[in-house]
Amino acid sequence: MPLVNIKLAKEDTPVTAEQKKALIEGATDLLVKVLNKNRASTVVIIEEVTPDSWGIGGQSVCEIRQNAKK
């Protein structure tokens, strides 16, 4: 059973249900097409992560966004 985990940074404008549906369909289609996986057993999970819960280059995404506004 293939499992795809899509992690997105939470934004001020949330990801809509329609956008999540498109991501799930697209990721499933990709696994079916490229790896010949069974559509019925392909699992796609979307996680929205708060910007203070991950970082790049030693800074949280919150810090990076704050510094970019300066």
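The protein chain has two helices and four strands, where helices (H or I, at least four residues) and strands (E, at least two) are DSSP runs numbered from the N terminus. Their order along the sequence is β-α-β-β-β-α. The radius of gyration, taken over C-alpha atoms, is 16 Å, well over the 11 Å that the globule rule gives for 70 residues, so the chain is more spread out than a compact globule; the rule is 2.2 Å times the number of residues to the power 0.38. Along its principal axes the C-alpha trace spans about 50 × 25 × 15 Å.

This is a predicted model, in which local features need pLDDT of at least 70 and side-chain atom pairs count only at pLDDT 80 or more, while totals for chains, interfaces and linings use all residues. Residues are numbered from 1 along each chain as its sequence is written, and side-chain values use heavy atoms, with hydrogens and water left out.

Helix H1 covers residues 17–35, and its 19 residues should span 27 Å at 1.5 Å a residue, which agrees with the 27 Å between its end C-alpha atoms; the expected span is 1.5 Å times one less than the number of residues. Ala27, Thr28 and Leu31 are the buried residues of H1, and they cover an arc of only 95° around the axis, which puts them on the same side of H1. That arc is the one formed by the directions from the helix axis to the C-beta atoms. Buried means under 20% relative accessible area, exposed over 50%, and partly exposed in between (1.4 Å probe, protein chains only).

| Feature of H1 | Residues or elements |
|---|---|
| Buried residues | Ala27, Thr28, Leu31 |
| Exposed residues on the face turned away from the buried side | Glu18, Leu30, Lys33, Val34 |
| Strands packed against by the buried residues | S1 (3–9), S2 |

The largest nonpolar core has five residues, Val4, Ile6, Ala27, Leu31 and Val44, such a core being a set of buried Ala, Val, Leu, Ile, Met, Phe, Trp, Tyr and Cys residues joined through side-chain atoms within 4.5 Å. S1 and H1 each supply at least two residues of this core.

Glu48 lies in strand S2 (residues 43–49) and, at 26% relative accessibility, counts as partly exposed. The side chains of Glu48 and Lys20 are joined by a polar contact of 3.0 Å.

Technical notes. Polar contact = N/O pair within 3.5 Å; in protein donor to acceptor, adjacent residues only side chain to side chain. Contact = heavy atoms within 4.5 Å.
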